[in-house]
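I opened a notebook page for this structure and wrote down what I looked up. The entries follow in the order I made them.

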Amino acid sequence: MQVWKDYQVQNKDRFLEELLELLRIPSVSADSRFSPDVKNCAEAVKARLEEAGAEKVEVCPTAGHPIVYGEKIIDPKLPTVLVYGHYDVQPADPLELWDSGPFEPVIKDEKIYARGSADDKGQFYMHVKAFETMSKTNTLPCNIKFMIEGEEEVGSANLGIFIKENKERLKADVVLISDTAMLSLENPSLDTGLRGLSYMEVEVTGPNRDLHSGVYGGAVANPATILCKMIASMHDENNHITIPGFYDKVQDLSQEDRDALNAAPFDEAEYKADLGINELWGEKGYSTIERTGIRPTLEVNGIWGGYTGEGSKTVLPSKAFAKISMRLVPNQDWVEISQLFQAHFENIAPKSVKVKVTTHHGGSPYVTPTDHVAFKAASEAINATFGKLPIPMRGGGSIPIVALFEKELGLKTILMGFGLDSDNLHSPNEKYGLANFYKGIETIPYFHKYFAEMSK
């Protein structure tokens, strides 16, 4: 619609500056030192929603970081879309690998470089500006509710409680999320599912104190060495995960579905060049697209122990630690997988060490039915602005709360992401393309238009 386009062109510079202001707030949910900043970011989101035309906007306290809620009900008889996003971000470490300050956004090569630019401030803010576009031009075709949380990056522990206590307020017909990626602006795609997650921490203890590596080395088990061996043993020669029972409930795709998935454009040479690697790695018998979308994985996210400061210190460490995440697929249950992991880790530990396993958080896998009216509306919205229908894909990431939306609210979720896999999510130099940001603002109103029309 021309009125949308005109409004967006007239206000695009302001849209961008407002996003940059949000990106300057270090809303790191995992680190308590940033708690005041997280709260400040929630207040900023509240202010932007109110300015855009939302009503009943509220910063809702939780046992952790707050949730921002707002709505615009134009007619209770019309369909209602619940927009979910998160304003919290990952820690910026290691800071020395950033080319610019993680909370000092810069625009370079038509991309916004800052922590949270793609995950998820840049993406959820597209919805705020798309809503503003419709609200200020009096063209809103349906009701919209916003629920923007501050704990997604740490497992959304309090969002589940909020949902259970606010089912009436959150009544809607579908959940719409932009916290995923598409193949490219040239080949748009829509995620039809997300992997689940189990996030663990392990501790291996040997002697009761750090020891002199010359006096005791060779006679006492080194926890760091033992930990490395234990972790390495969790993949076999085919890179298959060795935890007993791990694959028992994995839902395998048909060969037809696998072929359709692998028909998506993928340039292996370009993929390797972008990552600076010479060879790909993964479970034997599956393509890269399959390994990152429809197969479960086990990855070490961090490992430490002993002396890691400057220079040298010859010690045999008392303890060694690792953080390990497992991405899960239908029909794996994250609680069961966490228990299987713990039992296996404790079982393979030699008697020379003691081990402790902690479950941090997790979430279930999710699949969106492609015949749902909202998925069709999303496809038509992308077709309207990109000039081509999106390619259905499986997302490799996790949004743990999505399965809970269906369980508690009975709602399907549409994953309408505009980021790219190469946006350096969770990494130094996170970025988000200006073209992606503006394309999202242009496309999202069409979703609401088509969803309202198709729901009649």
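**Cavity**

I began with the lining of the largest cavity, to which β8 (189-194) and β15 (366-367) each supply at least two residues. Helices (H or I, at least four residues) and strands (E, at least two) are DSSP runs, numbered from the N terminus.

I noted where the numbers come from: residues are numbered from 1 along each chain as its sequence is written, and side-chain values use heavy atoms, with hydrogens and water left out. This is a predicted model, in which local features need pLDDT of at least 70 and side-chain atom pairs count only at pLDDT 80 or more, while totals for chains, interfaces and linings use all residues.

I searched the whole structure and found one cavity of 30 Å³ or more. The largest cavity holds about 30 Å³ of space. On a 1 Å grid over the protein atoms alone, a cavity is a set of points where a 1.4 Å probe fits but cannot get out, and lining residues have an atom within 4 Å of a point. Grid points are joined across faces, edges and corners, and a volume is the space filled by probe spheres set on the points.

I listed the lining of the largest cavity: Gly193, Leu194, Arg195, Gly293, Val329, Pro330, Tyr366, Val367, Arg394 and Gly395. By class, five of the lining residues are nonpolar, three polar and two charged. Here Ala, Val, Leu, Ile, Met, Phe, Trp, Tyr, Cys and Pro count as nonpolar, Asp, Glu, Lys and Arg as charged, and the others, Gly among them, as polar.

**Second largest pocket**

I looked up the second largest pocket next, and its space is about 340 Å³. α10 (334-348), β14 (354-363) and α12 (402-409) are the elements that give two or more residues to its lining. A pocket is an open set of grid points with protein on both sides within 12 Å along at least five of seven lines.

Which residues lie nearest the centre of this pocket? They are Trp334, Gly362, Gly363, Pro400 and Leu404, out of 18 lining residues. β14 gives the most to the lining, with four residues. The lining divides into eight nonpolar, eight polar and two charged residues.

**Salt bridges**

I counted 24 salt bridges, a salt bridge being a side-chain nitrogen of Lys or Arg within 4 Å of a carboxyl oxygen of Asp or Glu. Side chains of opposite charge can pair when their charged atoms come close.

I checked Glu18 and Arg14, whose closest N and O atoms are 2.9 Å apart in a salt bridge. Both lie in helix α1 (residues 2-23), four residues apart, about one turn of the helix. Glu18 counts as buried at 10% relative accessibility, whereas Arg14, at 31%, counts as partly exposed. Buried means under 20% relative accessible area, exposed over 50%, and partly exposed in between (1.4 Å probe, protein chains only).

I then looked at Glu132 and Lys129, which form a salt bridge at 2.5 Å, N to O. They are separated by about one helical turn because they are three residues apart in helix α3. Are Glu132 and Lys129 buried or exposed? Both are buried. Arg14, Glu18, Lys129 and Glu132 are linked in a network of salt bridges.

I also noted the salt bridge between Glu50 and Lys46 (3.0 Å, N to O). These two are four residues apart in helix α2 (residues 35-52), so about one helical turn separates them. Glu50 is partly exposed, at 39% relative accessibility.

**Backbone**

I looked for cis peptide bonds. The bond from Asp93 to Pro94 is cis, with omega near -5 degrees, and Pro94 lies in the loop between β3 (80-86) and β4 (106-108). The bond from Asp119 to Asp120 is also cis, with omega near 5 degrees. Asp120 is in the loop between β5 (111-113) and α3 (121-136).

Asp109, a residue other than glycine, has a positive phi near 55 degrees. Asp109 sits in the loop between β4 and β5 and is exposed, with a relative accessible area of 59%. Asn424 has a positive phi near 60 degrees. Asn424 lies in the loop between β17 (413-415) and β18 (431-433) and is partly exposed, at 27%.
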